[in-house]
Amino acid sequence: MPPVNPERLLADVRECSEIGRFKTGVHRPTYSPEDQRARAWLVARMEAAGLQAEIDGIGNVIGRGSGSGKRMLIGSHIESQPEAGRLDGAMGVLYGIEVARAGLPVDVAAWADEEGYFGHFLGSRSFIAEVTEQEIDKSVHRDNGTPLRAALIKAGYAGRPRATVEPGRYVGYAEAHVEQGDYLDMAGMRIGVVTGIIGSWLYRIVAEGVQNHAGTTRMAIRKDAGLALAKLCVAIDQRFPQVIGERSVWTTGRMIFEPGAPAVIPGRGEMTFGFRDVELTTLERLDATLRQLIDDYNRQGPCRLTVERTAQSFPALMNKFFQDALEKAAATHAPGSHMRMPSAAGHDAQILARKMPSAMLFVPSIKGISHHWAEDTADQDIALGVQVFADGIERILAG
Ligand SMILES: [Zn+2]
């Protein structure tokens, strides 16, 4: 049994939570000063754990173990959503450091921008050589439009080489994470062994209407772009339940009306819409249904809706042997308190799975709260998780 030290791990978790602390969570947006402090802190923790650590040209923090032979890559992320939980990402990276301290042959990584401020899984995709210099040239911050190049220069990471996977170095990849949903909590389970990670498809939907006076314009002749988007949302909510899979979810994350004034009929509206599922066929069906609903609206008007897919990730299956190893470890440390489950959130493991066998382990999120500063997991579950994770890694390496 790998000699992990749960108390030492919990102390790391607490120390890391102080960097960019926001209420009981953290605020560490990608490449922000808080995020840079967290990356520098991680480098020091990795070095203290005997790993050779560096921050690469995209901001990935990578700690490499010494020696040759079979080795696992362990990772997650250290930046956070705005005003979000202290464990989302950080816990998995700190598990990696604890596993290294327990003496297992591992490299540990914190992938940059998993939270998608500048792109889609930028750090892990860069590591598997799927991010071109051209993509970096044109990437901008999702909210304020800051070019990624400028952000990298400001953070001091520009001009450094970007690390990529060394062929043959790894048996595979493993990532531990808080569940971010309430399946484990509701079921009274303490460990989740992930079977696969859902695909997530995102869209920008634009409504073009006519901006006019909110008092003098007769209802009959209005072309209200805001109302057009609202109607589409209702149509989606009525139609989607007939075509979804068991765990499909869909969300209108943002809606803006222009000019956005109380006395003006919106002349233009824009919304982001997305759905997720573990089955590719379901994702394709939802895509077709969305486009059908938009066509249906456009046939009647009075506004015009257009749709553009802005991001598309595909479901990723976790390695069967790795799942078995994690399950055996869970059965040893938490008999009767573990289950297999898909991941409803996207994770870097879905990117790494394109290059090597991959696995994920979940611990429960209390009440399923996530992407909120109140997100939390009981200390005893964090401690149990690192034992199961380390034991599972050892079984994978022995296999
Ligand atoms: Zn995360």
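Predicted model: local features only at pLDDT ≥ 70, side-chain atom pairs only at ≥ 80, totals over all residues.

Modeller: Let's start with strand β9, residues 199-208, which pairs with β14 in the antiparallel sense over 9 bridges.

If pairing is a new idea, strands of a sheet pair through backbone hydrogen bonds, either parallel or antiparallel. Now widen the view. The sheet here is an open one of 4 strands, and reading across it you meet β11, β13, β9 and then β14. The pairing is antiparallel. At the edges sit β11 (249-258) and β14 (304-313), each of which pairs on one side only. Neighbouring strands are turned against each other by 15° on average, with direction ignored.

Next, look for helix α9, made of residues 280-300. This helix lies across β9, β13 (268-277) and β14, and runs at about 165° to β14.

Finally, step back to the whole chain. The domain assignment gives domain 2 as 199-313, while domain 1 is made of two stretches, 6-197 and 316-398. The C-alpha centres of these domains lie 34 Å apart. Where they meet, 6 residues of domain 1 are in contact with 7 residues of domain 2. On the domain 1 side of that contact you will find 4 polar and 2 nonpolar residues, and no charged ones.

Definitions and conventions. Residues numbered from 1 in each chain as written. Domains from an automatic or database assignment. Contact = placed C-beta atoms within 7 Å. Nonpolar A, V, L, I, M, F, W, Y, C, P; charged D, E, K, R; others polar. Pairing = 2+ DSSP bridges. Helix = DSSP H or I, 4+ residues; strand = E, 2+ residues; numbered from the N terminus. Axes fitted to C-alpha atoms, helices over the stretch in contact; angles between N-to-C directions.
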